[in-house]
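These are my notes from going through one model, entry by entry. I wanted to see how some of its side chains are placed and paired.

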Amino acid sequence: LDWRETNPAFYAQRIGNDGSILWPTGGVRLAVANSNLPDCALISDGSGGAIAVWRDLRNGGISLVAQRIPFSGIPQWGTDGAVLHTSFGDMGFPAVATDVVGGAVVVWHEDPVGDPFNLNFDLYAMHVQSNGFIVWGAGDGAPVCSAAGDQMQPVIVSDAAGGVVVAWQDSRNGGQDLYAQRVQPWGEVAWAGDGVAVSTAVNDQVDPSITTDGAAGAIVAWRDRRSGDFDIYAQSLDTYGNARWTTDG
């Protein structure tokens with residue numbers, strides 16, 4: 001996020017493996033519009049470029065915007081990026097993963113109503129191809145989890161088969177627990193309807209991170225206060241959502 005002008009805008013730069021600057025010295029501006037909010041998720045497009053997703057204030061609400069910058073450094077999805085979704089409620093930071101064929105899967109948390117006295121965040125996802133075309137989730141996004149309580153802070157990783165595994169912080173049980181879901185390449189969830197429990201130990205499990213296990217599953221790590229102080233725990237989920245390690249991590 002760059003404040004070189006009156007309002008902030010996102011820029012990107014490609015650096016060679018020898019440290020050389022490969023795009024214009026000042027970077028490539030991702031969108032002419034400059035009403036950006038200070039968060040941006042970025043992944044490789046698999047061919048020397050990148051796909052960026054961010055939130056900004058356009059269309060009268062909070063919009064999810066994406067831009068593809070290929071090897072050439074010339075933005076591909078319009079001068080202002082591609083608007084994926086606009087929320088007139090409250091929408092959280094996006095997370096993004098590759099679809100392994102040049103596109104991306106985006107996941108975010110949102111309360112479509114946005115009542116500040118009764119927020120209720122659920123998870124949504126969208127698949128964008130390398131040409132900017134939305135394959136599934138167009139408009140409002142495909143539901144990932146709408147259980148009771150809040151589902152927030154999603155993290156995402158490719159399952160290496162065109163789908164993704166998503167993990168998140170979840171308050172359906174009163175405290176903060178962790179759940180996960182696998183979303184298949186066509187946008188349908190593969191595991192239990194509202195996700196599988198990664199950890200529902202006492203006290204809070206927060207701030208998840210995720211990586212692939214190389215076999216269509218994932219490994220999730222997080223901060224955990226079950227002992228009174230925060231410690232680090234982890235769990236491995238197989239391709240069917242079964243926990244491989246000790247219950248609750």
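Is Trp54 buried or exposed? I found Trp54 buried, with a relative accessible area of 0%. I keep in mind throughout that this is a predicted model.

**Entry: aromatic pairs**

I looked for aromatic pairs next and found that the structure holds 2. One of them is formed by Phe10 and Trp54, with 5.7 Å centre to centre and 50° between the planes, and is tilted. Phe10 lies in the segment before strand S1 (11-12) and Trp54 in strand S4, so this pair ties together parts that are 44 residues apart in sequence. Phe10 counts as buried because its relative accessibility is 6%, under the 20% limit.

I then followed strand S18, residues 218-224. Its side chains alternate: Ala218, Val220, Trp222 and Asp224 point to one face and are buried.

On one partner, strand S17 (residues 205-212), I noted 6 bridges to S18, the two running antiparallel. Val220 of S18 is the bridge partner of Ile210. S17 and S18 form a hairpin with 5 residues between them, and Gly214 in that turn has a positive phi of about 80°.

For strand S19 (residues 231-237) I noted 7 bridges to S18, again with an antiparallel run. Here Arg223 has Ile232 in S19 as its bridge partner. S18 and S19 also form a hairpin, with 6 residues between them, and Gly228 in the turn has a positive phi of about 110°. I also checked what Arg223 lies over: the face of Phe230, at 4.2 Å from the ring centre.

**Entry: Arg4**

A further charge over a ring turned up at Arg4, whose charged end sits over the ring of Tyr11, 3.7 Å from its centre.

**Entry: His85**

I looked up His85 and found it in strand S6 (residues 82-87). His85 is buried, its relative accessible area being 3%. Its side chain makes a polar contact of 2.8 Å with the side chain of Glu110. The side chain of His85 also reaches the backbone oxygen of Gly139 at 2.6 Å. Leaving out residues up to four places away in sequence, I listed what His85 touches, including Ile62, Leu64, Met91, Trp108 and Met126.

**Entry: salt bridges**

How many salt bridges are there? I get a count of 11. Among them is the one between Arg68 and Asp45, with the closest N and O atoms 3.1 Å apart. This pair links distant parts of the chain, Arg68 in strand S5 (residues 61-69) and Asp45 in the loop between strand S3 (36-44) and strand S4 (50-58), 23 residues apart. Arg68 and Asp45 are both buried.

I followed this with Arg182 and Asp159, whose side chains meet in a salt bridge at 3.0 Å, N to O. Arg182 is in strand S15 (residues 177-183) and Asp159 in the loop between strand S13 (151-158) and strand S14 (164-170), 23 residues apart. Both residues of this pair, Arg182 and Asp159, are buried.

The side chains of Asp170 and Arg172 also meet in a salt bridge, at 2.9 Å, N to O. Asp170 counts as buried, at 0% relative accessibility. Arg172 counts as partly exposed, at 23% relative accessibility.

Definitions and conventions. Residues numbered from 1 in each chain as written. Predicted model: local features only at pLDDT ≥ 70, side-chain atom pairs only at ≥ 80, totals over all residues. Heavy atoms only, no water. Buried < 20%, exposed > 50% of the residue type's maximum accessible area, 1.4 Å probe, protein only. Helix = DSSP H or I, 4+ residues; strand = E, 2+ residues; numbered from the N terminus. Pairing = 2+ DSSP bridges. Polar contact = N/O pair within 3.5 Å; in protein donor to acceptor, adjacent residues only side chain to side chain. Contact = heavy atoms within 4.5 Å. Salt bridge = Lys/Arg side-chain N within 4 Å of Asp/Glu carboxyl O. Phe/Tyr/Trp six-rings, centres within 6.5 Å; stacked < 30°, edge-to-face > 60°. Lys NZ or Arg CZ within 6 Å of the ring centre and 35° of its normal.
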